[in-house]
Amino acid sequence: MAAGTVPWPPGFDAGRAEASLLGDAPDFQWPPPMDALLAFAEKLTLHPAAIRPADLDALRQAGLDDQAIHDATQVVAYFNYINRVADGLGVDLEPDMAAD
C-alpha cells in the first residue's frame, strides 16, 4: 500500500463520512482504525493535557504502529497550531473559504 493511502472497506460511503465530520450524520460508524484515530485527534485538539499512555495504547490496539501514531499526532498538532496562529493574528480566510 502506498504511503498516505487508507484501506477503506468495500462499500465505504465517503459522502456519509464527510457528513459525519460536519455533524450531519451522527450515526455514521467509522471503520477501524479510523474510529480510534478520530477520537484521539478530538481529544488531542480539545484536551491535550488529558492525553495519557492509555490513549496511545488504544491506537496500538486499533492496529496503528508507533510511526503512524507519531505521524497522526504531528498532523493534528500542526493543524491546531497553524489555526491558532491564524486566529491570533486575524488572518483573513481565502476568498473561496466560507466563514464560520
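**Aromatic pairs.** I searched the whole structure, a predicted model, and found five aromatic pairs. I counted rings of Phe, Tyr and Trp (its six-membered ring) as paired if their centres lie within 6.5 Å, with planes under 30 degrees apart taken as stacked, over 60 as edge-to-face and the rest as tilted.

One of the pairs joins F12 and W30; this pair is tilted, at 6.1 Å centre to centre and 45 degrees between the planes. I located F12 in the segment before α1 (14-21) and W30 in the loop between α1 and α2 (34-46), so the pair ties together parts that are 18 residues apart in sequence. Helices here are DSSP runs (H or I, at least four residues), numbered from the N terminus. F12 is partly exposed at a relative accessible area of 22%, whereas W30 is buried at 17%. For these words I used under 20% relative accessible area for buried, over 50% for exposed and the range in between for partly exposed (1.4 Å probe, protein chains only).

I next looked up Y78 and F79, whose pair is edge-to-face, with 6.2 Å centre to centre and 80 degrees between the planes. Y78 is partly exposed at 48% relative accessibility, and F79 is partly exposed at 49%.

I also noted that F12 and W30 belong with F28 to one aromatic cluster.

**Helix α1.** I listed A17, A19 and S20 as buried in α1. Seen down the helix axis, the buried residues of α1 fall within an arc of 160 degrees, so they line one face of the helix; the arc is that of the directions from the axis to the C-beta atoms. E18 and L21, on the other side of α1, are exposed.

I then examined both ends of the helix. At the start of α1, a side-chain oxygen of D13 comes to within 3.1 Å of the backbone nitrogen of G15. After α1 comes G23, with a positive phi near 85 degrees.

**Surface patch.** I found a nonpolar surface patch formed by V75, Y78, F79, Y81 and I82, with about 520 Å² of accessible area together. Areas come from the Shrake-Rupley method with a 1.4 Å probe. I placed I82 in helix α4 (residues 66-89), where I82 is partly exposed at 33%.

**Basis.** Residues are numbered from 1 along each chain as its sequence is written, and side-chain values use heavy atoms, without hydrogens and water. Local features need pLDDT of at least 70 and side-chain atom pairs count only at pLDDT 80 or more, while totals for chains, interfaces and linings use all residues.

Technical notes
Helices (H or I, at least four residues) and strands (E, at least two) are DSSP runs, numbered from the N terminus. A polar contact is a pair of N or O atoms within 3.5 Å; within protein, one must be able to donate a hydrogen and the other to accept it, and residues adjacent in sequence count only if both atoms are side-chain atoms. Patches are made of residues with over 30% relative accessible area and no salt bridge: like charges are joined within 9 Å, nonpolar side chains (Val, Leu, Ile, Met, Phe, Trp, Tyr) within 5 Å. A salt bridge is a side-chain nitrogen of Lys or Arg within 4 Å of a carboxyl oxygen of Asp or Glu.
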